[in-house]
Amino acid sequence: MAAAEPGARKRRPKGHFAAAGRAKRPRGGGGRQLEAGMRGILITCNMNERKCVGEAYSLLGEYGDLLYGPEQFSDHEEKLSGSEREEDEDDVEVALKKEVGQIRASTEQKLRRFQSVESGANNVVFIRTQGIEPETLVHHILKDMHTTKKKKTRVILRMLPISGTCKAFMEDMKKYTETFFEPWFKAPNKGTFQIVYKARNNSHMSREEVIKELAGIVGSLNPENKVDLNNPQYTVVVEIIKTVCCLSVVRDYVLFRKYNLQEVVKSNKDDTQQTPSSVTEEQNSKVLKPEAEEEKNSKELNQENKNEGEIEAEPKGNDAPTV
């Protein structure tokens with residue numbers, strides 16, 4: 001048997017590079033993974049994420065076109081290809097600027113109005129948004145579904161707007177929310193509120209500590225802001241996934257069944273006594289305490305929690321402290 005030639009490379013097992021590629025995939029950048037600084041819509045589903053993404057694109061596209069008009073795509077690349085002939089190819093500086101411009105244009109072209117990114121948790125989809133206000137869009141969708149009682153999705157459960165994100169560490173959250181909460185709670189603005197908290201794939205944050213600290217910040221912005229677990233004007237939504245904290249302040253949280261698309265289309269005798277608020281005016285209406293029947297779909301969410309080993313953190317009873 002012939003000896004191996006000196007310096008010959010050892011053949012790697014078949015599938016080695018494929019496995020390496022899969023291992024590196026989560027580290028891939030390009031805005032394809034949920035990270036601090038993003039805005040968008042967090043959606044929970046029942047064991048079918050691919051279909052959930054399809055439903056989300058369809059629903060968000062329908063209402064996005066109604067509110068903001070048809071999506072416009074970038075034509076920078078076409079403009080660059082037409083002007084590049086006039087540039088001096090021998091000029092290094094011009095060539096460098098042209099290359100940077102092409103990269104920038106290519107990036108802009110990929111930033112669609114709605115773009116699914118890896119959420120970091122099972123049964124959770126995150127749709128990154130560009131050029132729209134997530135809270136306005138989601139409230140409009142739920143308001144329409146609540147009024148018409150027309151079911152539009154099969155696998156989407158809850159749809160939560162995420163108006164801001166930061167790192168999921170207490171000091172980062174405190175610094176970020178001091179500014180983030182101002183449009184709703186800084187004097188002369190004021191309102192009653194509750195805080196709902198859920199953590200997935202995260203064990204270093206304490207629900208009690210987060211709720212206490214955030215409630216304290218809301219109170220410091222205006223002493224007239226008060227906790228109300230029965231009829232809150234605003235609900236502060238805190239969703240933590242791994243090391244990212246997703247935040248929003250929403251209206252009609254109880255009226256819209258905790259922003260559950262399956263529950264909001266069901267008829268309820270109390271619905272006729274309430275009118276959804278407008279996200280562009282001061283909140284004056286009160287919402288009633290949810291009834292037990294509204295919690296039926298929570299069984300599906302609990303199954304999701306078991307699969308992920310997440311921390312169940314929806315406030316119950318006195319979870320939200322009094323300021």
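**Exercise 1.** In this predicted model, find which residue of strand 3 glycine 40 stands opposite.

*Solution.* Start with the two strands: strand 1 covers residues 40–45 and strand 3 covers residues 124–129. They run antiparallel and pair over five bridges. Now look across from glycine 40, and you land on arginine 128.

**Exercise 2.** Work out the strand order of the open four-stranded sheet, and say which strands stand at its edges.

*Solution.* Read across the sheet and you get 2-3-1-4, with antiparallel pairing. Strand 2 (114–117) and strand 4 (156–162) each have a single partner strand, so one side of each has no neighbour in the sheet. Those two are the edges. On average, neighbouring strands are turned by 25° against each other, direction ignored.

**Exercise 3.** Take the salt bridge between lysine 152 and glutamate 62. Which parts of the chain does the pair link?

*Solution.* The side chains meet at 3.4 Å, N to O. Lysine 152 sits in the loop between helix 5 and strand 4, while glutamate 62 belongs to helix 2 (residues 49–68), 90 residues apart. Lysine 152 has 27% relative accessible area and glutamate 62 has 37%, so both count as partly exposed.

**Exercise 4.** Lysine 266 and glutamate 263 form a salt bridge. Is each partner buried or partly exposed?

*Solution.* First the contact: 3.1 Å, N to O. Lysine 266, at 38%, is partly exposed. Glutamate 263 comes out at 2%, and the buried class means under 20%, so glutamate 263 is buried.

Key:
Residues numbered from 1 in each chain as written. Predicted model: local features only at pLDDT ≥ 70, side-chain atom pairs only at ≥ 80, totals over all residues. Heavy atoms only, no water. Pairing = 2+ DSSP bridges. Axes fitted to C-alpha atoms, helices over the stretch in contact; angles between N-to-C directions. Salt bridge = Lys/Arg side-chain N within 4 Å of Asp/Glu carboxyl O. Buried < 20%, exposed > 50% of the residue type's maximum accessible area, 1.4 Å probe, protein only.
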